[in-house]
Amino acid sequence: VLESIRLFRSGFAISAEALEAALVLAEARGDLATQAVLLAARGLQWLGSDAARARALFARATEAAEAAGDSELRSEVRTYIAVSLVLAGRMREAIAAFEELLGDVPADVLDPRSTQLDLEGAAPATALGLLSFAYASVGDLPRAIDLGERMAARGVELGNRALEAQGQVF
């Protein structure tokens with residue numbers, strides 16, 4: 001179940017019942033890392049119908065990731081939550097979640113040594129692209145444009161055509 005969430009990047013690909021059953025098992029084993037991801041996915045499932053319940057699940061996911069003490073897991077869970085909020089159209093909440101993860105989007109967030117964002121693959125730094133979209137959606141066009149331009153420039157600097165293209169798109 002956990003790997004399906006990571007592969008498909010969506011809690012919607014898995015039934016609520018399967019997620020609940022996996023969560024019960026993870027809790028019984030005391031597996032905080034698995035709990036964190038499952039709780040975030042479960043929060044996504046509730047986001048459209050019960051925002052308060054979704055927020056409570058996101059808070060539990062964040063707490064579990066923090067308690068696990070793994071910085072990569074913490075980034076994974078916080079990114080999942082922020083992206084979920086963008087996809088649900090909750091742009092101001094998404095911006096707050098991204099900025100909680102990344103700070104005020106410092107210049108070094110696109111540092112290839114950073115573990116906060118994946119700069120490899122076919123769609124590098126997708127989370128930053130979605131943050132740029134969220135900025136534009138709430139009318140903060142200067143920040144949206146700046147972020148896209150920084151992504152494109154870093155792509156050129158690194159010789160990473162996919163990152164450059166992502167920046168140009170957003």
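**View 1. Helix 5 and its span.** Helix 5, formed by residues 71-87, has 17 residues and reaches 24 Å from its first C-alpha to its last, close to the 24 Å expected at 1.5 Å a residue, where the expected span is 1.5 Å times one less than the number of residues. Helices here are DSSP runs of H or I with at least four residues, numbered from the N terminus. This is a predicted model, in which local features need a pLDDT of at least 70 and side-chain atom pairs count only at pLDDT 80 or more, whereas totals for chains, interfaces and linings use all residues. Residues are numbered from 1 along each chain as its sequence is written, and side-chain values use heavy atoms, with hydrogens and water left out.

**View 2. Confidence of the model.** The protein averages a pLDDT of 84, and 81% of the residues score at least 70, pLDDT being the predictor's confidence in each residue on a scale from 0 to 100.

**View 3. Burial and ends of helix 5.** Because 12 of its 17 residues are buried, helix 5 is largely enclosed by the rest of the structure; buried means under 20% relative accessible area, exposed over 50%, and partly exposed in between, with a 1.4 Å probe and protein chains only. The buried residues include Leu73, Val77, Arg78, Tyr80 and Ile81. At the N-terminal end, Asp70 caps the helix with a side-chain oxygen that lies 2.9 Å from the backbone nitrogen of Glu72, and just after helix 5, Gly89 takes a positive phi of about 80°.

**View 4. Salt bridges of Arg78.** Arg78 forms a salt bridge (a side-chain nitrogen of Lys or Arg within 4 Å of a carboxyl oxygen of Asp or Glu) with Glu66, the closest N and O atoms being 3.0 Å apart. This pair joins Arg78 in helix 5 to Glu66 in helix 4, 12 residues apart. Arg78 counts as buried at 16% relative accessibility, while Glu66, at 37%, counts as partly exposed. The side chains of Glu100 and Arg78 also meet in a salt bridge, 2.4 Å from N to O, which links helix 6 (residues 91-102) with helix 5 across 22 residues. Glu66, Arg74, Arg78 and Glu100 are linked in a network of salt bridges.

**View 5. Arg143 and Glu99.** In the salt bridge between Arg143 and Glu99, the closest N and O atoms are 3.2 Å apart. Arg143 lies in helix 8 (residues 141-158) and Glu99 in helix 6, so the pair ties together parts that are 44 residues apart in sequence.

Technical notes. Helices (H or I, at least four residues) and strands (E, at least two) are DSSP runs, numbered from the N terminus. A polar contact is a pair of N or O atoms within 3.5 Å; within protein, one must be able to donate a hydrogen and the other to accept it, and residues adjacent in sequence count only if both atoms are side-chain atoms.
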